[in-house]
Amino acid sequence: MNHRHLQDADHAAGSAGDILRLIRGSDAMSRSTLARVTGLAPSTVSLRVESLISLGLVRESGAEESRGGRRARRLELAGDQGFVAAVDIGANHVRVVLSDLTGRSLVDSDETGHAGVPVSDDPEETVEALWRRIIALADSTGLAEADFRGVAISIPAPIEYPSGRIVTPSFMPTWHEADLPGLFAAHTDSPVLVENDANLIALFESTERGRTDENQLLAVKLGTRIGCGILASGRLHRGIGGAAGEISHMEVKGVSVIPCTCGVPNCLDSVVSGGALVAKLRAQGLDAETASDVVALGARGEPLALEAIREAGARIGESLAGIVNFFNPREVVLAGSMSASLPLVAAIRAELFQKCLPLAAHDLEVRATRDPFVAGIRGATLLALDEVLAPARIDALVKDVADDLRTA
Ligand SMILES: [Zn+2]
């Protein structure tokens, strides 16, 4: 039985899974530090650590500086005890990255130069091709199929939670209600998570300051379409059914230049998304095929492009001001291919700070992601690892081994 989203399940504080979580979160964890952090007796900590070592998930090595002069052995996650896959699916491009259990990237399909996986009308065909690709990439890196631990897939569309079904994807309308975890079940029993692209960006960006329960962050993906991921108190906020952060169909000032199925006249997507800017500039006689082309035209100082970009930035900033007033985040991170446009980011910042309440603006940081092509795929790796190494999953594993020993 494939239990999904065990990372959201409650787990006992101080359990073996919880101890592994603490070891994952620190570069310098020892048995004595664990006892201090958890308040558990040193003998209990040792018991938990030994069970993790016997599962092959933790290694004790090197030395940690300790105040008493005695050196404590350092505990670390054994990264080579399996691998996870992160998949980014867009309208024209699929990217697959395999990483070890510490999150270190092992192979990236964008760097190997192999032909991509086709995004076909039939999601089953794409999943078949995707699974073959994951296994071929693993093989090329000397990894065995048996060491596959799980996959997280980034999709530019709303994702029903917790089922993982795709809802009204504009990039591939035939994928409406597609159940990718169900299709993957023909190939693997390991966890298969499907997540909205902006949510994964939010997850990755929250690691920039270190992951804590204090993280309050909005990640706005500005690509062909516009999406928003919400991280509240350190956790993804998906809403009751997965629709949280779907800002793309808010009504804005301006005139829609591309059709949208939402029924809202002049929604964000149809007025100021990358797709809308492409249509607008083409209608004005400029040569633009993709959102990145719009960024390039703006960077070259093309007057019509700059005007359209600044106008779009003002409309986006205005919309975000209402959301910032409501949510009061610490950070708003602008991501997606359009976030590479300096005039767009400047216009959004200016409008946002002008329109939001002083109290909400006081500790607010608005920044562009460091690399628009990294955040989403790294977020998918993080989500896969959080699931594979979820305390509840590890606790179940420890219990299975203990039960086997008892009945042996
Ligand atoms: Zn719309």
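Arg282 lies in helix α9; helices (H or I, at least four residues) and strands (E, at least two) are DSSP runs, numbered from the N terminus. The model is a predicted one, in which local features need pLDDT of at least 70 and side-chain atom pairs count only at pLDDT 80 or more, while totals for chains, interfaces and linings use all residues. Residues are numbered from 1 along each chain as its sequence is written, and side-chain values use heavy atoms, with hydrogens and water left out.

With a relative accessible area of 44%, Arg282 is partly exposed. Here buried means under 20% relative accessible area, exposed over 50%, and partly exposed in between (1.4 Å probe, protein chains only). Apart from neighbours within four places in sequence, Arg282 is in contact with Ala288 and Glu289, where contact means heavy atoms within 4.5 Å.

Which residues of helix α9 are buried? Within its span, residues 274-283, they are Gly274, Gly275, Ala276, Leu277, Val278 and Leu281. The cover over these buried residues includes α8 (268-272), α10 (291-299) and α11 (303-327). Just after α9, Gly285 adopts a positive phi of about 90°.

Two packed helices are described by the angle between their axes and the distance between the axes. For α9 and α10 the angle is about 65° and the axes are 8 Å apart. The axes are lines fitted to C-alpha atoms, for helices over the stretch in contact, and angles run from 0 to 180 degrees between N-to-C directions. The crossing of α9 and α10 is left-handed. On the α9 side the contact is made by Gly274, Leu277, Val278 and Leu281, and on the α10 side by Ala291, Val294 and Leu297. A crossing is left-handed if the near helix is turned anticlockwise from the far one by less than a right angle, and right-handed if clockwise.

Next comes the metal site. The zinc ion has as protein donors His249 (ND1), Cys260 (SG), Cys262 (SG) and Cys267 (SG), at 2.1 to 2.3 Å. Donors are N, O and S atoms within 2.8 Å of the metal (3.2 Å for Na, K and Ca); water is not among the atoms, so sites may look incomplete. Along the chain, the donors follow the spacing H-x10-C-x1-C-x4-C. The arrangement around the zinc ion is tetrahedral because the four donor atoms subtend angles of 103 to 116°; four donors count as tetrahedral if all angles lie between 85 and 135 degrees. Cys267 is buried, at a relative accessible area of 0%, whereas Cys260 is partly exposed at 31%.

Some backbone features remain. Tyr161 and Pro162 are joined by a cis peptide bond, with omega about 5°. Pro162 sits in the loop between β6 (148-155) and α6 (180-184), and Glu177 is also found in the loop between β6 and α6. Glu177 is a residue other than glycine with a positive phi, near 70°. Ser233, likewise not a glycine, has a positive phi near 50°. Its place is in the loop between β9 (226-232) and β10 (235-236), and at 39% relative accessibility Ser233 is partly exposed.

Gly301 is in the loop between α10 and α11 and is partly exposed, at 36% relative accessibility. The C-alpha atoms of Gly301 and Pro343 are separated by 9.9 Å, with the two residues 42 apart along the chain.

Methods: Four donors count as tetrahedral if all angles lie between 85 and 135 degrees; four count as square planar and six as octahedral if opposite donors are over 155 degrees apart and all others between 65 and 115; anything else is irregular.
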